[in-house]
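I hope it is handy to have them in one place.

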Amino acid sequence: LEELEKAALQQKIRTLPGMGEKSEVKILKAIKNYRQIQGRFQLDDGIEISTNLVNYLKSKIKINRIAAAGSVRRRRETVGDIDILITCKNSSKAIQTFVQHPDATQILASGDTKASIVLRRGLQADLRVLEDNSFGAALQYFTGSKAHNVALRERAKRMGYKINEYGLFKIQDGVKIAGAEEKEIYRLLELSFIPPEMREGRGEIEQADKQELPLLIEQKDIKGDLHMHTKATDGQNSIVEMATAGTKFGYDYIAITDHSQALAMARGL
């Protein structure tokens, strides 16, 4: 596979009988798709797929609350699967609707409150139907990461609590004291709310304990973009459209970096 990819990148495939530039592009795309199916998917794919699932469920059934959890919510660079959490009155209809998604190629599981499917692009998606009073706890639990959750459970235990996907409970008498709202879990554990992007078990709980969590970089902090292609080569928009979009985002600058003729398949300038 590596040799085939190398030959396509070096534009050697197009010289073979019956092959051409389009064949090279298709081969490279097929190799990329194959590798994605074999492992993890890029974050942008995960966001696109999870957003599609959320919108699909919203359009089909009446939902009280819904969110994508897991590595998509933590905004990891790659995504292994998709976790969707919902609360609704008719769990059986939610499960049935989910497994009937147009892109579902395989149903791995279909129970009373949980279902798993494999989508056409090879990514597994799981749906969990929850009670309203457990949604926040489940969102925290299924967002992860594992290292973050282990550290949070240890802290809860030291404080006389037990925490799981159903809520926060007193160890002494088993009374549930939180679960509906995720922020309430962190507040009762005497922590600043930890954004999902920071939950990787890298000292964020200790920082939250001291009220010393760093600030996340947000869209408004980005001042410009130094790598952009227009439709002059293999982009989809004109320079004017790109500049207009940059202004809309509040950018101070953009740099157009279209391909040169060294990359013939991209109609190099």
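The points below cover the sheet, the helices on it and some backbone details.

1. This is a predicted model, where local features need pLDDT of at least 70, side-chain atom pairs count only at pLDDT 80 or more, and totals for chains, interfaces and linings use all residues. Residues are numbered from 1 along each chain as its sequence is written, and side-chain values use heavy atoms, leaving out hydrogens and water.

2. Five strands form an open sheet with mixed pairing, in the order β2-β4-β7-β6-β5. Strands here are DSSP runs of E with at least two residues, and helices are runs of H or I with at least four, numbered from the N terminus; two strands pair if DSSP finds at least two bridges between them. β2 (65–68) and β5 (104–110) are at the edges with a single partner strand each, so one side of each has no neighbour in the sheet.

3. β2 and β4 (residues 81–87) run antiparallel and are joined by four bridges. Ile66 has Ile86 in β4 as its bridge partner.

4. Helix α3 (residues 43–60) lies across β2, β4, β6 (114–119) and β7 (124–130), with contact meaning heavy atoms within 4.5 Å. Helix α6 (residues 135–143) lies across β2, β4 and β7.

5. Please look at the peptide bond between Gly144 and Ser145: it is cis, with omega about 0°. Ser145 sits in the loop between α6 and α7 (146–158). Most peptide bonds are trans.

Definitions and conventions:
Axes are lines fitted to C-alpha atoms, for helices over the stretch in contact, and angles run from 0 to 180 degrees between N-to-C directions.
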